[in-house]
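Please examine the sequence and the three-dimensional structure shown below. The paragraphs that follow lead through the chain step by step.

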Amino acid sequence: MITIRFVSHEDIPHIQSIAQETWNYTYKGIYSEGYIQNFLSRAYSDENLSRSVERDLQSAKRSFLIAEFNGKVAGYAQTRQVKEEEYELLRIYIRPEYHKMGIGKEFIQRFTQVLKPINKLFAWVGKENHIGRAFYEKSGFKEIEMMIETIEGHSKTQVKYELEISKGKVGS
């Protein structure tokens, strides 16, 4: 059974573990191992995650969610508000053994409830990230734009996926 709940400080070690596992699974061969480890140590440090969790706990519109599958932490997702009814999906990572079980879809549905009013949800995904792109396409997101990002002297194409949210339901 899938349970989606709001993040707490106790989730930080789970988030770090999932980040380590999913980044190595998803980005090995796209980014160098050094880049991945450096990024993880900065973005997922105790200090950064603590601040992020604290901001979420203070917010009326909770935007940092945890997924549990049969009581085990399986993934996390986080958004940020960009415009009045528009949000960016900053991160959504699910342990590989829980892929294709509907957890990502549950995250998106929960965000559309918690972040009301919301009419647009978007995410930037590396063009080479076939796992992520397949998820967004299957979830009803449309590819709307591309940009070149330079990381460690290497140019990578990022694809912007956008989901229009009707007042009734997701992905319609």
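Along the sequence, the elements follow one another in the pattern β-α-α-α-β-β-β-α-β-α-β-β. The chain thus holds 5 helices and 7 strands; helices (H or I, at least four residues) and strands (E, at least two) are DSSP runs, numbered from the N terminus. The model is a predicted one, in which local features need pLDDT of at least 70 and side-chain atom pairs count only at pLDDT 80 or more, while totals for chains, interfaces and linings use all residues. Residues are numbered from 1 along each chain as its sequence is written, and side-chain values use heavy atoms, with hydrogens and water left out.

The 7 strands form an open sheet with mixed pairing, in the order 1-2-3-4-5-7-6; two strands pair if DSSP finds at least two bridges between them. Strand 1 (2–6) and strand 6 (142–151) are the edge strands, each pairing on one side only. From one strand to the next, the twist averages 25°; axes are lines fitted to C-alpha atoms, for helices over the stretch in contact, and angles run from 0 to 180 degrees between N-to-C directions.

Ile148, for example, has Thr157 in strand 7 as its bridge partner.

Helices also meet the sheet. Helix 3 (residues 46–58) packs on it and touches strand 2 (64–69), strand 3 (72–83) and strand 4 (86–94), where contact means heavy atoms within 4.5 Å. The direction of helix 3 makes about 100° with that of strand 2. Helix 5 (residues 130–138) lies across strand 4, strand 5 (120–126), strand 6 and strand 7, and runs at about 155° to strand 5.

Helix 4 (residues 103–114) has 12 residues and spans 16 Å from its first C-alpha to its last, close to the 16 Å expected at 1.5 Å a residue; the expected span is 1.5 Å times one less than the number of residues. Ile103, Gly104, Phe107, Ile108, Phe111 and Thr112 of helix 4 are buried, that is, under 20% relative accessible area with a 1.4 Å probe, protein chains only. An α-helix has 3.6 residues a turn, so residues three or four places apart point the same way.

Finally, the chain may be viewed as a whole. Its radius of gyration, taken over C-alpha atoms, is 16 Å, which agrees with the value near 16 Å for a compact globule of 172 residues; the globule rule is 2.2 Å times the number of residues to the power 0.38. Buried residues make up 45% of the 172 residues.

Key. Buried < 20%, exposed > 50% of the residue type's maximum accessible area, 1.4 Å probe, protein only.
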